[in-house]
Amino acid sequence: MASLNEQELLKQLQNGNSSAFRELYDFYFDYAIRVATVVMNHNASHAGDAVQETFIRVYQNIHLYQADRPFKPWFYKILLNECNRILKKNSKVVSVGEIIEQAHADEQFEEYEDLYQAIQELEPHNRTPIVLKYLNGFKEQEIADILEENLNTIKSRLFKGRQKLKRFLEAKKEAN
């Protein structure tokens, strides 16, 4: 963090300092929106909603944050819960706007189109750990804590996810 270290910032936030919240928001927003966009299948509107709700929940529940534990896994657990809540709520509805947003997102990620497409093809139980580990740099134990899963389950899902990605990318390469 620019002016304060993360723990000091969180302490100030727990004491009601609104400028500390703004600094925390500024620091985590871009990172959160990237994660939410991938988890939400490139639906920018739903990703934005998930991030907004995440920050509201962080602000409302900062008193529950335990300062002796890393903040990032706590934050991303809230973010993933919000993504899942929105996905469940909207699982049956696809609007024309979402289709247009999807096309725009595809243009933005053109360089990595095959990889992103492969990630999107994964089932959520494989996609989420892959996103957390390889796009966000979480350790396997942190992922297990965030998802409230056994460490061996996470390792297995990462392994199977990597295998599926490899098969998808090889098939795509052979098709070209």
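Helices (H or I, at least four residues) and strands (E, at least two) are DSSP runs, numbered from the N terminus. This is a predicted model: local features need pLDDT of at least 70, side-chain atom pairs count only at pLDDT 80 or more, and totals for chains, interfaces and linings use all residues. Residues are numbered from 1 along each chain as its sequence is written, and side-chain values use heavy atoms, with hydrogens and water left out.

**Exercise 1. The chain as a whole**

Task: State which pattern the protein chain follows along the sequence, and what percentage of its residues count as buried.

Solution: 
- Step 1. Count the elements. The protein chain has 9 helices and 0 strands.
- Step 2. Read them in order. The pattern is α-α-α-α-α-α-α-α-α.
- Step 3. Apply the burial cut-offs. Buried means under 20% relative accessible area, exposed over 50%, and partly exposed in between (1.4 Å probe, protein chains only). Of 176 residues in the protein chain, 34% count as buried.
- Step 4. Look at contacts, meaning heavy atoms within 4.5 Å. Take those in the protein chain with a separation of 6 or more: 66% of them join residues 24 or more positions apart.

**Exercise 2. Helices α3 and α4**

Task: Describe how α3 and α4 pack, giving angle and axis distance.

Solution: 
- Step 1. Two packed helices are described by the angle between their axes and the distance between the axes. Axes are lines fitted to C-alpha atoms, for helices over the stretch in contact, and angles run from 0 to 180 degrees between N-to-C directions.
- Step 2. Read off the values. Helix α3 (residues 44-61) packs on α4 at about 130 degrees, and the axes lie 8 Å apart.
- Step 3. Classify the angle. Under 35 degrees counts as roughly parallel, over 145 as roughly antiparallel, 65 to 115 as roughly perpendicular and the rest as oblique. The pair α3 and α4 is therefore oblique.
- Step 4. Assign the hand. A crossing is left-handed if the near helix is turned anticlockwise from the far one by less than a right angle, and right-handed if clockwise. The α3 and α4 crossing is right-handed.
- Step 5. List contact residues. From α3 they include H46, A50, F55 and V58, and from α4 they include F71, W74, F75 and I78.
- Step 6. Sort them. Ala, Val, Leu, Ile, Met, Phe, Trp, Tyr, Cys and Pro count as nonpolar, Asp, Glu, Lys and Arg as charged, and the others, Gly among them, as polar. The contact of α3 with α4 holds 11 nonpolar, 3 polar and 5 charged residues.

**Exercise 3. Helix α8 and its partners**

Task: Find which residues of α8 are buried, and which helices they pack against.

Solution: 
- Step 1. Pick out the buried positions. In α8 (residues 140-147) they are I143, A144 and I146.
- Step 2. Look down the axis. The buried residues of α8 fall within an arc of 165 degrees, taken from the directions from the helix axis to the C-beta atoms, so they line one face of the helix.
- Step 3. Name the partners. These residues pack against α4 (71-89), α7 (124-135) and α9 (151-175).
- Step 4. Examine α7. The axes of α7 and α8 come within 10 Å and cross at roughly 135 degrees. That makes α7 oblique to α8. The crossing is right-handed.
- Step 5. List the meeting residues. T128, P129, L132 and K133 of α7 meet E140, I143, I146 and L147 of α8. They divide into 5 nonpolar, 1 polar and 2 charged.
- Step 6. Check what follows α8. E148 lies in the loop between α8 and α9. Its phi is near 55 degrees, a positive value in a residue other than glycine. E148 is exposed, at 59% relative accessible area.
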